[in-house]
Amino acid sequence: AARDPGGYVDELARDLHESLVRLDTAGVPVVVGVQGWAAGAGLGLVLAADIAVLERSARLRTAYTAIGLSPDGGVSWRLPRAVGTARAMDLLLTNRPMGAEEALVAGLASRIVDDGTAAKAALEIAGEIAAGPPAALATTRAMVRAGRTRSYGEHLDAERVAISAQAGGPEGREGVAAFLARRAPQWTANDPPPL
């Protein structure tokens, strides 16, 4: 119904993409729970997550070409990296739905839970993560994401720098002390080291 459909969709895509960049650069892990369908931009949100929990009856679908559109939401960038080019092209060009089990096998889902429990499971996982060492978690997330563009040698160097910084920092010292004392570590807010 928009007077200028192209302009309207451009504005929507710009806002969505800004949100996805913020999720990608957030210093905290992103956990999503999927119930029902995640199609189009919804699939882009699933692909942006660090941990994706799908209910058994959940379905994923690219859906773009079925309505005469090309992908947005990072789907054409993340999907081939997650499942390989051949499977991504199949999903993008045929709009074939993918069930939870196939999504798990393909690497698009982290866990499958019973129907009606995705939100609870995602919140529990997020709570477990939030109770952990903030800098170590942020650094781990950043390392995995940075691995997309680094060579193996460059990545090994970055890992060495990061683990050394963590070992010399308060979280590393607390974690080792707690391990040696056979007690639970006490984590505090901390800025992650530069990568």
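**Helix α7 and what lies around it**

Modeller: Let's take α7: the elements covering its buried residues include α1, α2, α3, α8 (152–168) and α9 (170–181). Bear in mind that this is a predicted model. Its mean pLDDT is 92, with 96% of the residues at 70 or more.

Now the helix itself. α7 covers residues 134–146, and its end C-alpha atoms are 18 Å apart. At 1.5 Å a residue, 13 residues should span 18 Å, so the length agrees with what you'd expect. The residues it buries are A135, A138, T139, R141, M143 and R145.

Next, look at α8, one of the helices covering α7. The 17 residues of α8 should span 24 Å at 1.5 Å each, and the ends are 24 Å apart by their C-alpha atoms, which agrees. Its buried residues are H155, A158, A162 and Q166. These four take up an arc of only 70° around the axis, so they sit on the same side of α8. Among the elements covering them are α7 and α9.

R78 has a relative accessibility of 15%, and the cut-off for buried is under 20%, so R78 counts as buried even though it's an arginine.

L79 is among the four residues, with L54, L60 and L108, that touch the most other members of the largest nonpolar core, a set of 26 residues. The elements supplying at least two residues each are β1 (31–34), α2 (41–48), β3 (51–55), α3 (75–83), α4 (85–94) and α5 (100–106). There's also a second, separate core of seven residues, including I51, V53, A118 and I129. As for L79, leaving out neighbours within four places, its contacts are L47, T62, G74, G84, A88, L91, L92 and L108.

L54 brings you to the strands. In a regular strand, side chains alternate between the two faces of the sheet. In β3, I51, V53 and E55 point one way while A52 and L54 point the other, and all of them are buried. L54 stands opposite I112 in β6, and β3 and β6 (residues 111–113) run parallel, joined by three bridges. β3 also pairs with β1, again in the parallel sense, over four bridges. There, V31 stands opposite I51 and G33 opposite V53. Those two β1 residues form its uncovered face, whereas V32 and V34 form the covered one.

One last stop is α1 (residues 5–25), another of the helices covering α7, which holds V9. V9 has a relative accessible area of 44%, so V9 is partly exposed.

Note on methods: Residues numbered from 1 in each chain as written. Predicted model: local features only at pLDDT ≥ 70, side-chain atom pairs only at ≥ 80, totals over all residues. Heavy atoms only, no water. Core = buried A, V, L, I, M, F, W, Y, C linked by side-chain atoms within 4.5 Å. Buried < 20%, exposed > 50% of the residue type's maximum accessible area, 1.4 Å probe, protein only. Contact = heavy atoms within 4.5 Å. Pairing = 2+ DSSP bridges. pLDDT = per-residue confidence, 0-100. Expected span 1.5 Å × (residues − 1). Arc of directions from axis to C-beta.
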